[in-house]
Amino acid sequence: MSSSSKSALTTQELQTLASKAIAAKATAYCPYSKFRVGACILTQSGEYIVGANVENASYPVGTCAERVAFGTAVVAGYHDFKAVAVATDSNLPASPCGMCRQL
């Protein structure tokens, strides 16, 4: 199997990533911005790990959904990732913040 086909997402994986990221938004704690974000990571071993943003009154001390998901995954022992999906309520595309892109 070539490395490109090994890392390509199946239609089912893509649908599952999207639905889990969308569902994760419901767990967001964002009383200040009201901007819900959900994330879902697919590990190389096929596990799906979700996260949601958690705000703090002292901006920018909150934690983004992507960092919550990656932190949860790493604590659970996962270190090899295949894909990540991020969902918001915005009709316009929303890019992860610089800190999440660095992570």
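Let me start with the packing around helix H3: its buried residues pack against strand E1, strand E2 at 48–52, strand E3 at 81–88 and helix H4 at 98–102. Keep in mind that this is a predicted model.

Which residues of H3 are buried? H3 covers residues 65–75, and the buried ones there are Ala-65, Glu-66, Ala-69, Phe-70 and Ala-73. Around the axis they span an arc of only 130°, so they lie on the same side of H3. Just after this helix comes Gly-77, which has a positive phi of about 100°.

Next, one of the elements that H3 packs against, strand E1. E1 takes in residues 37–43, and Thr-43 belongs to it. Is Thr-43 buried or exposed? Its relative accessibility is 1%, and the cut-off for buried is under 20%, so Thr-43 counts as buried. What does Thr-43 touch, once neighbours within four places in sequence are set aside? The contacts are Ile-49, Tyr-78, Asp-80, Phe-81 and Lys-82.

Now to the surface. Tyr-29, Tyr-32 and Val-54 make up a nonpolar patch there, and together they have about 320 Å² of accessible area. Of these, take Tyr-29, which sits in the loop between helix H2, residues 11–24, and E1.

Methods. Residues are numbered from 1 along each chain as its sequence is written. This is a predicted model: local features need pLDDT of at least 70, side-chain atom pairs count only at pLDDT 80 or more; totals for chains, interfaces and linings use all residues. Side-chain values use heavy atoms; hydrogens and water are left out. Helices (H or I, at least four residues) and strands (E, at least two) are DSSP runs, numbered from the N terminus. Buried means under 20% relative accessible area, exposed over 50%, partly exposed in between (1.4 Å probe, protein chains only). Contact means heavy atoms within 4.5 Å. The arc is that of the directions from the helix axis to the C-beta atoms. Patches are made of residues with over 30% relative accessible area and no salt bridge: like charges are joined within 9 Å, nonpolar side chains (Val, Leu, Ile, Met, Phe, Trp, Tyr) within 5 Å. Accessible areas come from the Shrake-Rupley method with a 1.4 Å probe; for residues, only the protein chains shown count as cover. A salt bridge is a side-chain nitrogen of Lys or Arg within 4 Å of a carboxyl oxygen of Asp or Glu.
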